[in-house]
Amino acid sequence: TENFGGYAEYKCLPEKAMMAIKPANISYKEAAALPIGATTALRLLRKGKIQRGQKVLIYGASGSVGTYAIQLAKNFGVEVTGVCSTANLGMVKSLGADHVIDYTKEDFSSRDERYDVIYDTLGKLSKSQAAKLLASNGTFVSMAKLDTKENIDNLIFIKELIEKGEIKAVIDQRYPLENMVEAHRYMDTGRKKGNIVITVQ
């Protein structure tokens, strides 16, 4: 991954670019859905200093970052509660979430439950909302405050988990290159589950 801005079958990268060999046990389409969402989720979790046995809440659990955050958090040995809409409850649970909250039916910020870490994968949760749910000395980590700096070690870590079958890419829709406008329109609806992939022939 180097930057955003276009779609292409091939891209020239500088020698210092962050790259890793595709895991042999996944398709190119699945590989395309890995670098941004998975490594961002990993950085988000590590920023919160995630520790085995903690209780964590993941807000935006059904998006690209959220679906990886659930799987990675379970890999780190924590109890996960995922917040998402009604349509995504089953998927979030299937990815390993111990508990799910339907934000369309419940004001989750008024719950009695307390969490050691709250991860906002959308950058939309206010600090005051999170504070109501945090345990004493709890930590709130938001995508809105996450730096964009990436490193190769994170990509290699994700690659190894994929090869072990411990995490997977969630792909909602695949669109051919000529339908990229439709893909962006779907993404803008806010109903996307996991990732959207553009296929280039």
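Start with helix 2, residues 35-47. At 1.5 Å a residue, its 13 residues should span 18 Å, and the end C-alpha atoms are 18 Å apart, which agrees. Keep in mind that this is a predicted model.

Which residues of helix 2 are buried? They are G37, A38, T39, T40, A41, L42, R43, L44 and L45. These buried residues pack against helix 3 (64-75), strand 4 (115-120), strand 5 (134-142) and helix 6 (152-163). After the helix comes K49, with a positive phi near 50°.

Now helix 3. It has 12 residues. From first C-alpha to last it reaches 17 Å, close to the expected 16 Å. Of those 12 residues, 10 are buried, so helix 3 is largely enclosed by the rest of the structure. The buried set runs S64, V65, G66, T67, Y68, A69, I70, Q71, L72 and A73. Their packing partners include helix 2, strand 1 (55-59), strand 2 (79-84) and helix 4 (89-94). Just after helix 3, G77 has a positive phi of about 85°.

So how do the two helices meet? They pack at an angle of about 55°, with axes 8 Å apart. Helix 2 and helix 3 are therefore oblique to each other. The crossing is right-handed.

Look at the contact itself. Helix 2 brings G37, A38, T40, A41, L42, L44 and L45. Helix 3 meets them with S64, V65, Y68, A69, L72 and A73. Sort the residues of this contact and you get 10 nonpolar, three polar and no charged.

Terms used:
Residues are numbered from 1 along each chain as its sequence is written. This is a predicted model: local features need pLDDT of at least 70, side-chain atom pairs count only at pLDDT 80 or more; totals for chains, interfaces and linings use all residues. Side-chain values use heavy atoms; hydrogens and water are left out. Helices (H or I, at least four residues) and strands (E, at least two) are DSSP runs, numbered from the N terminus. The expected span of a helix is 1.5 Å times one less than its number of residues. Buried means under 20% relative accessible area, exposed over 50%, partly exposed in between (1.4 Å probe, protein chains only). Contact means heavy atoms within 4.5 Å. Axes are lines fitted to C-alpha atoms, for helices over the stretch in contact, and angles run from 0 to 180 degrees between N-to-C directions. Angles under 35 degrees count as roughly parallel, over 145 as roughly antiparallel, 65 to 115 as roughly perpendicular and the rest as oblique. A crossing is left-handed if the near helix is turned anticlockwise from the far one by less than a right angle, and right-handed if clockwise. Ala, Val, Leu, Ile, Met, Phe, Trp, Tyr, Cys and Pro count as nonpolar, Asp, Glu, Lys and Arg as charged, and the others, Gly among them, as polar.
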